[in-house]
Amino acid sequence: MTTLLIDRIDYLATFDDQHHEWRDAAMLIRDNQILWAGPRTEKPDLPVDETLDLSGHVVMPGMVNTHHHMYQNFTRVMAQDDPLFPWLNTLYPIWARLDDEAIYLSSKVAMAELLLSGCTTAADHLYMLPNGARLDSQIQAAGEMGIRFHAARGAMSRGQSQGGLPPDNCVEKEEDILCDAERLIRRYHDAGRHSMLRLVLAPCSPFSVTPD
C-alpha cells in the first residue's frame, strides 16, 4: 500500500452531505481510497510515501461520465450533422474495420481526455468488437491510465439480414456474446466498495439485437 499526501490545497470542496469546504487544506489517500480530508492544522500524523503540493489550486471530487462510446473517438468528426440512423449507416462500415489495437488506442485517448477534464470515473458502452477485438484491451487501457472504470460489454446480434440496422459483419452470435460476457465477469469484475473496475452487461438498441 502507498499513501499520498495532497498538501497546501488553497481551497477544498468536498460536496459531501455537510457541504464541507476548507481553505489551506490537505488530503490523505491510500491506494484508491481517501483516508482523510480537512484543514492542514488538523492533519493526522501518518507516514506518507509521496507528497503533492497543490498551492494555488482548487480541489473537488472527480466528475463521473456515465455513458461513452470511446471507440468512436476516431470518427467523431464524420457525418456529424446527420440524424441518428443515417449517421450510423455511414459509420458502421468504417467501424467494421476496427481491430483490437484500435479499441485499445481509442480508449486510451478518450480516457486521457476525460482525466484532463476532471473526470475520474467513466462507463463505456463497447458494442463493436469486430476482427478479433476484445473488451480486454479497453480494460488494459483503463488500468494503465488509472481511471475508475465500468466496462459495459455491449452486443449487437441482429444484422440487416434479420431486419436489423447494422451490417451482418458488425454483429455477433448470441452464444458467443453470452460466453464472452461470462468470461469477462469471472476474470475482471470487482464488486468491492473501492473497486477500480466493474463489468456491466449492455445489449444495444432493439434495432440491433434479437428478442432472445
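Which residue in E8 is the bridge partner of His125? I looked it up, and the partner of His125 is Ala152. E7 and E8 are joined by six bridges and run parallel. From E7 the chain passes through H3 to reach E8, and this β-α-β crossover is right-handed. For my own reference, a crossover is right-handed if, with the strands pointing away from the viewer, the path from the first strand over the helix to the second runs clockwise. Two strands pair if DSSP finds at least two bridges between them.

**Ground rules.** I am working with a predicted model, in which local features need pLDDT of at least 70 and side-chain atom pairs count only at pLDDT 80 or more, while totals for chains, interfaces and linings use all residues. Residues are numbered from 1 along each chain as its sequence is written, and side-chain values use heavy atoms, with hydrogens and water left out.

**Overview.** I find four helices and nine strands in the protein. Helices (H or I, at least four residues) and strands (E, at least two) are DSSP runs, numbered from the N terminus. Along the sequence, I read the pattern β-β-β-β-β-β-α-α-β-α-β-α-β. The C-alpha trace spans about 70 × 40 × 30 Å along its principal axes. I note that 42% of the 212 residues count as buried, where buried means under 20% relative accessible area, exposed over 50%, and partly exposed in between (1.4 Å probe, protein chains only). Of the contacts (heavy atoms within 4.5 Å) with a separation of 6 or more, 68% are between residues 24 or more positions apart.

**Strand E7.** I came back to E7, residues 119-126, and found seven of its eight residues buried. E7 also pairs with E6 (residues 63-65), through three bridges, and these two run parallel. Here Met63 has Cys119 in E7 as its bridge partner.

**Helix H3.** Which residues of H3 are buried? My list reads Leu135, Asp136, Ser137, Gln138, Ile139, Ala141 and Ala142. The buried residues of H3 pack against helix H2 (100-116), E7, E8, H4 and E9. Gly143 is also in H3, but Gly143 counts as exposed because its relative accessible area is 61%. After H3 comes Gly146, with a positive phi near 80°.

**Helix H4.** Does the length of H4 agree or disagree with what its residue count should give? The expected span of a helix is 1.5 Å times one less than its number of residues. For the 15 residues of H4 (residues 174-188) that should be 21 Å, and the end C-alpha atoms are 21 Å apart, so the two agree. I list Ile177, Asp180, Ala181, Leu184 and Tyr188 as buried in H4. They lie on the same side of H4, because they cover an arc of only 105° around the axis. The arc is that of the directions from the helix axis to the C-beta atoms. A reminder to myself: an α-helix has 3.6 residues a turn, so residues three or four places apart point the same way. On the other side of H4, I find Glu175, Leu178 and Arg186 exposed. The buried residues of H4 pack against helix H3 (135-145), strand E8 (148-155) and strand E9 (197-203).

**Helix H1.** I ran the span check on H1 as well: its twelve residues (84-95) should span 16 Å, and the end C-alpha atoms are 15 Å apart, which agrees. Trp87, Leu88, Leu91, Tyr92 and Trp95 are buried in H1. They sit on the same side of H1, because their arc is only 130° around the axis.

**Cysteines.** How many disulfides does the structure hold? I count zero, taking a disulfide as a pair of cysteine sulfur atoms within 2.5 Å. Cys204 is in no disulfide, and the nearest cysteine sulfur, that of Cys170, is 11 Å away. Cys204 is buried, with a relative accessible area of 17%, whereas Cys179 is partly exposed at 42%.

**A loop stop.** Last entry: Glu42 is in the loop between strand E3 (33-39) and strand E4 (50-53). Glu42 counts as exposed because its relative accessibility is 53%. Glu42 and Ala26 are 16 residues apart in sequence, and their C-alpha atoms are 9.0 Å apart in space.
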